[in-house]
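Trainee: Could you walk me through this structure, one question at a time?
Mentor: Gladly; let us look at it together.

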Amino acid sequence: MTINYTNYRYPTLEKMDSYPEYGDKNYAGYYSFSLRRHRATERKVTTNDKIKAGIGALAGTIIPMLYLMKKQKIKNPLKLKYKLNDMVLLSGTSVIGGVCTGMIGENKKTKQNKVKEGIFQFLNAAVPTWIVGGVLKLCEGSKNFNNIPGKMLSIAGGLLVGMYGAASISNLICDPHDKRPDRKLTLLDCIANIDDAIGVLVLAKFPLVDKLHLEKLLPFIYTYCGYRAGKSN
């Protein structure tokens with residue numbers, strides 16, 4: 001008896017052979033399999049990750065603060081006055097510190113992920129501040145918008161555009177060929193942008209802000225952003 005192997009089927013064996021060939025993106029279960037495999041290569045954030053990131057982010061915030069204290073000739077860090085460049089400096093060094101110490105003892109893939117998250121956190125802190133800072137200058141040169149309502153509207157619009165713009169720029173830098181899902185803004189990212197809101201309120205010189213001294217919170221928020229970047233896997 002001749003068996004036609006072309007038409008003969010082995011449903012049990014085919015069911016067991018459920019893993020796609022490498023690169024076989026036409027396979028129906030490829031993406032779910034790829035997702036499971038990707039998740040399997042990621043580990044949970046450990047206490048050691050948090051400690052390393054915290055130390056680095058704190059050092060990355062304190063060092064430039066010492067420089068600013070010397071520059072402004074003051075001994076109390078709570079009396080520091082921040083300009084736009086100072087805010088960008090602190091946000092950048094805190095992220096660099098958190099990421100650098102967070103990468104100690106990690107494999108290549110984890111280091112790459114930390115760098116990508118660091119880029120996102122820095123841009124998320126810096127870009128909205130840059131945009132709002134520029135918009136405020138335009139308001140000050142306008143007769144119709146050089147007032148509190150006009151500045152508040154500009155700040156809100158600038159922050160919104162800046163946050164989504166920072167996320168888009170980050171995804172373009174970290175994944176120029178769009179091979180992975182985009183890094184989306186989360187609630188924590190928006191909460192972290194309170195540093196931008198406080199910073200631009202300081203730049204806008206609202207009377208209420210001067211009385212509350214909200215700029216004292218900026219180093220703590222920048223440290224938190226660096227910590228988030230450094231502990232990510």
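What follows is a set of questions and answers about this model.

Trainee: What kind of model is this, and how are its residues numbered?
Mentor: It is a predicted model, in which local features need pLDDT of at least 70, side-chain atom pairs count only at pLDDT 80 or more, and totals for chains, interfaces and linings use all residues. Side-chain values use heavy atoms, without hydrogens and water, and residues are numbered along each chain as its sequence is written, from 1.

Trainee: What pLDDT does the chain average?
Mentor: pLDDT is the predictor's confidence in each residue, on a scale from 0 to 100. In this chain, 70% of the residues score at least 70, and the average is 76.

Trainee: Where in the chain is confidence lowest, and where is it highest?
Mentor: Helices here are DSSP runs of H or I with at least four residues, strands are runs of E with at least two, and both are numbered from the N terminus. The lowest confidence is in helix H1 (residues 11-16), with a mean of 44, and the highest, at 93, is in H3.

Trainee: How many contacts beyond four places in sequence does the model have for residues 27-31?
Mentor: Contact means heavy atoms within 4.5 Å. Where pLDDT is low, the predicted coordinates should not be read in detail. For residues 27-31 the pLDDT stays under 50, and the number of such contacts is six.

Trainee: How many helices and strands does the chain have?
Mentor: Reading from the N terminus, the elements run α-α-α-α-α-α-α-α-α-α. The count is ten helices and zero strands.

Trainee: How do the axes of H4 and H5 lie, parallel or antiparallel?
Mentor: Axes are lines fitted to C-alpha atoms, for helices over the stretch in contact, and angles between N-to-C directions run from 0 to 180 degrees. Helix H4 (residues 84-102) and helix H5 (residues 108-140) have axes that come within 10 Å and cross at roughly 170°. Angles under 35 degrees count as roughly parallel, over 145 as roughly antiparallel, 65 to 115 as roughly perpendicular and the rest as oblique. That makes H4, relative to H5, roughly antiparallel.

Trainee: At what distance and angle do H3 and H10 pack?
Mentor: Two packed helices are described by the angle between their axes and the distance between the axes. For helix H3 (residues 47-72) and helix H10 (residues 218-231), the axes are 8 Å apart and the angle is about 140°. That makes H3 oblique to H10.

Trainee: Is serine 170 buried or exposed?
Mentor: Buried means under 20% relative accessible area, exposed over 50%, and partly exposed in between, using a 1.4 Å probe and protein chains only. Serine 170 sits in helix H6 (residues 148-174). Its relative accessibility is 2%, so serine 170 counts as buried.

Trainee: Is phenylalanine 220 buried or exposed?
Mentor: Phenylalanine 220 has its place in helix H10. With a relative accessible area of 58%, phenylalanine 220 is exposed.

Trainee: Which residues is isoleucine 131 in contact with, leaving aside neighbours within four places in sequence?
Mentor: Isoleucine 131 belongs to helix H5, and at 31% relative accessibility it counts as partly exposed. With those neighbours left aside, its contacts are Gly158, Val161 and Gly162.
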